[in-house]
Each structure stands twice: as C-alpha cells, then as structure tokens.
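This report covers helix packing, nonpolar cores and a few individual residues. Please look at the sequence and the structure before reading on.

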Amino acid sequence: MTDTRIETFLTLCRVMNYRKTAEELNMTQPAVTQHIHYLENYYNCRLFIYDRKSLRMTPEAEMLKKYAENVSCQEKRLKALLSEKSGCHLSIGATKTIGEYVISEHICAFLGDSANRISVNVDNTERLLEALSRGEIDFAIIEGYFDSSRYASRLYRKEPFVGICGERHPFAGRVVSSEDVLNEELILREEGSGTREILRQLLAGENISFSRFPRITSVSSFGLAARILEKGMGISFAYRAVREQEKGLAEFMVRGWDIVREFNYVYLDNPFSEQAVEIFDSYRMI
C-alpha cells in the first residue's frame with residue numbers, strides 16, 4: 001500500500017500549490033506541509049523551494065517523483081490483478097489519430113477473448129502523459145514527442161506524415177513547395193496534439209511559424225476537420241491512416257518533406273506496465 005505522504009507529494013508535484021493540494025486531498029494545509037517535511041527529513045534533502053514566490057521542485061524532488069510514480073502505478077496494477085477472476089483488464093490511452101483511425105481492429109482482437117476487458121482514453125499527447133504519470137492508465141500509444149528520459153517506450157508502428165486536402169483541391173495528388181503551402185488556409189489540431197507539434201517543428205526547420213498562414217482554424221476532432229477539408233476549405237497535415245479511412249480526402253506532398261514518424265507504446269518503466277504492453281501487443285493482427 002502506497003504511503004499517504006507519497007500520495008500527498010505526488011499531488012503537490014502536479015498542482016504546485018500547498019492550498020490546492022490540501023483542498024484536493026481533503027486535508028488541512030499544515031497537514032500537507034507536515035507530510036512534505038517528513039519526506040524531506042526521511043530522504044535528507046529539500047524537495048520544494050520558493051523562487052520569487054513561485055514553488056519549484058528541486059532535482060531531488062524530480063528523482064523522487066519518478067520513483068513514486070512507478071510505485072503508485074505498480075500498486076494500482078497489483079490491486080487490479082488481485083481483483084481479476086480471469087482474463088485481463090487493461091486501461092490504455094491513445095492519441096486521437098491512433099484512437100480514431102489505427103487501433104480499432106487491435107482492440108477488437110483483444111476483446112475477442114470474452115474474459116478480457118479494456119478502457120480506452122483517447123486524448124492528446126500532453127494529457128495522456130499526465131494520466132500515465134498519475135497511474136490512471138497502464139500505457140499510452142502516442143504519435144507525438146515524449147520525454148524518453150522519463151518514460152519507457154516500444155515501437156508500435158511507423159506511419160508517413162503527409163499533406164491532406166479535399167479531392168478537388170488544386171494540391172490533390174501533387175508535390176508542392178513550402179511557399180505554396182503558405183498561401184493556403186490551415187486546419188490545425190489543438191494545442192498539445194502530436195500532429196500539431198510535428199508540423200510546428202517541420203516549419204521551424206525552414207524558419208516558418210504558423211503566423212505566416214492567412215488563416216488558421218483549430219479543430220480537436222479530425223473527423224470534423226475532414227468534413228471541412230472535403231469542401232475544399234484549406235489544407236491540413238496528418239498521418240496517411242487518416243486519409244485512407246476518410247472518403248473525400250486526397251494526399252499531397254511538400255517538396256523536401258519525406259516524413260515518417262513512429263507510433264510508440266509509452267509507459268512507466270516497471271514490470272507491471274511492461275507486462276500490460278506485452279499482453280496487448282500479443283493480440284495485434286499485423
């Protein structure tokens with residue numbers, strides 16, 4: 001059983017405010033302070049310091065946080081395993097492109113075993129990593145960037161990253177220049193999404209920012225974005241799997257942008273998380 005002081009520590013790491021931590025845990029603020037002081041005395045180091053009135057974690061707190069997240073995750077996973085009568089119950093995350101366009105057959109194969117159960121949280125990369133750190137999911141399948149020093153990972157598959165437009169758009173089926181792209185209205189995923197960050201970095205490599213486009217529309221659902229693109233209104237960038245499953249869309253390439261990205265299992269570095277990945281992966285159809 002995880003020590004309640006560790007739970008207090010992890011909550012404070014997340015909200016970075018003693019009062020809010022106390023409110024979230026239904027404790028008094030002095031009790032939160034007492035828990036942190038106990039850990040500081042036990043580990044003989046400072047965990048939090050104030051820098052110009054802002055609370056900041058020390059390097060020692062970062063180390064303890066990584067360890068504590070692993071312990072908390074293993075505790076939750078062990079509790080779930082002990083309560084299972086048969087089969088396997090997984091709680092996983094997937095970024096939106098993967099959740100909506102890539103893993104449906106994989107999940108169906110997993111559910112082909114009637115004893116198995118699964119919960120799937122489809123969200124953007126940033127929020128999935130937060131859920132992973134809190135032990136709310138066993139692993140995530142992520143299309144974007146993540147901190148490889150903080151999380152373990154394993155390749156799921158590789159996928160081309162391409163331009164997407166309506167079938168009647170002038171770009172359909174063509175290779176265009178980056179200057180051509182800058183004349184188009186851009187349909188973007190929301191802040192924190194993997195595809196948005198990939199495109200931002202591609203443009204940055206050519207000293208281009210999103211502000212160069214005449215108009216940007218931010219849409220959190222690519223299903224809605226696809227409907228807009230079908231009407232010939234703007235362009236977007238996504239993985240080929242999206243274009244393959246959305247009728248009315250065409251693909252285009254940008255000269256010099258031959259981009260293939262990895263979809264990765266991302267998980268906390270502990271035996272329970274790794275086992276969850278291996279179990280799910282064993283049901284892959286391809």
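Helix H1 (residues 4-15) and helix H2 (residues 18-25) have axes that come within 9 Å and cross at roughly 125°. The model is predicted: local features need pLDDT of at least 70 and side-chain atom pairs count only at pLDDT 80 or more, while totals for chains, interfaces and linings use all residues. Residues are numbered from 1 along each chain as its sequence is written, and side-chain values use heavy atoms, with hydrogens and water left out.

Helices (H or I, at least four residues) and strands (E, at least two) are DSSP runs, numbered from the N terminus. Axes are lines fitted to C-alpha atoms, for helices over the stretch in contact, and angles run from 0 to 180 degrees between N-to-C directions. Angles under 35 degrees count as roughly parallel, over 145 as roughly antiparallel, 65 to 115 as roughly perpendicular and the rest as oblique. H1 and H2 are therefore oblique to each other.

On the H1 side, Glu7, Thr8, Thr11, Leu12, Arg14 and Val15 meet Tyr18, Lys20, Thr21, Glu24 and Leu25 of H2. By class, this contact of H1 with H2 has four nonpolar, three polar and four charged residues. Contact means heavy atoms within 4.5 Å. Ala, Val, Leu, Ile, Met, Phe, Trp, Tyr, Cys and Pro count as nonpolar, Asp, Glu, Lys and Arg as charged, and the others, Gly among them, as polar.

The axes of H2 and H3 come within 8 Å and cross at roughly 105°; these two helices are therefore roughly perpendicular to each other. Tyr18, Arg19, Thr21 and Ala22 of H2 make the contact with Gln29, Val32, Thr33 and Ile36 of H3. The classes in the contact of H2 with H3 are four nonpolar, three polar and one charged.

| Residue | Relative accessible area | Class |
|---|---|---|
| Asparagine 26 | 74% | exposed |
| Asparagine 44 | 69% | exposed |
| Glutamate 40 | 11% | buried |
| Phenylalanine 161 | 3% | buried |

Asparagine 26 lies in the loop between H2 and helix H3 (29-43) and has a positive phi of about 55° although it is not a glycine. Asparagine 44 is in the loop between H3 and strand S1 (48-51); its phi is positive, near 55°, and it too is a residue other than glycine. Glutamate 40 is placed in helix H3. Not counting residues up to four places away in sequence, glutamate 40 touches Cys45, Arg46, Leu47 and Phe48.

A nonpolar core is a set of buried Ala, Val, Leu, Ile, Met, Phe, Trp, Tyr and Cys residues joined through side-chain atoms within 4.5 Å. The largest has 56 residues, of which Leu90, Phe139, Val181, Phe222, Phe237, Phe252 and Phe280 touch the most other members. Strand S6 (residues 152-166) gives the most to this core, with six residues. Apart from it lies another core, of 18 residues, among them Phe9, Leu10, Tyr18 and Leu39.

Leaving aside neighbours within four places in sequence, the contacts of phenylalanine 139 include Leu90, Ile92, Leu132, Tyr265 and Phe280. Phenylalanine 161 is found in strand S6. With residues up to four places away in sequence not counted, phenylalanine 161 touches residues including Thr195, Ile198, Leu199, Phe237 and Ile259. The C-alpha atoms of phenylalanine 161 and isoleucine 107 are separated by 23 Å, and the two residues are 54 residues apart along the chain.

Technical notes:
Buried < 20%, exposed > 50% of the residue type's maximum accessible area, 1.4 Å probe, protein only.
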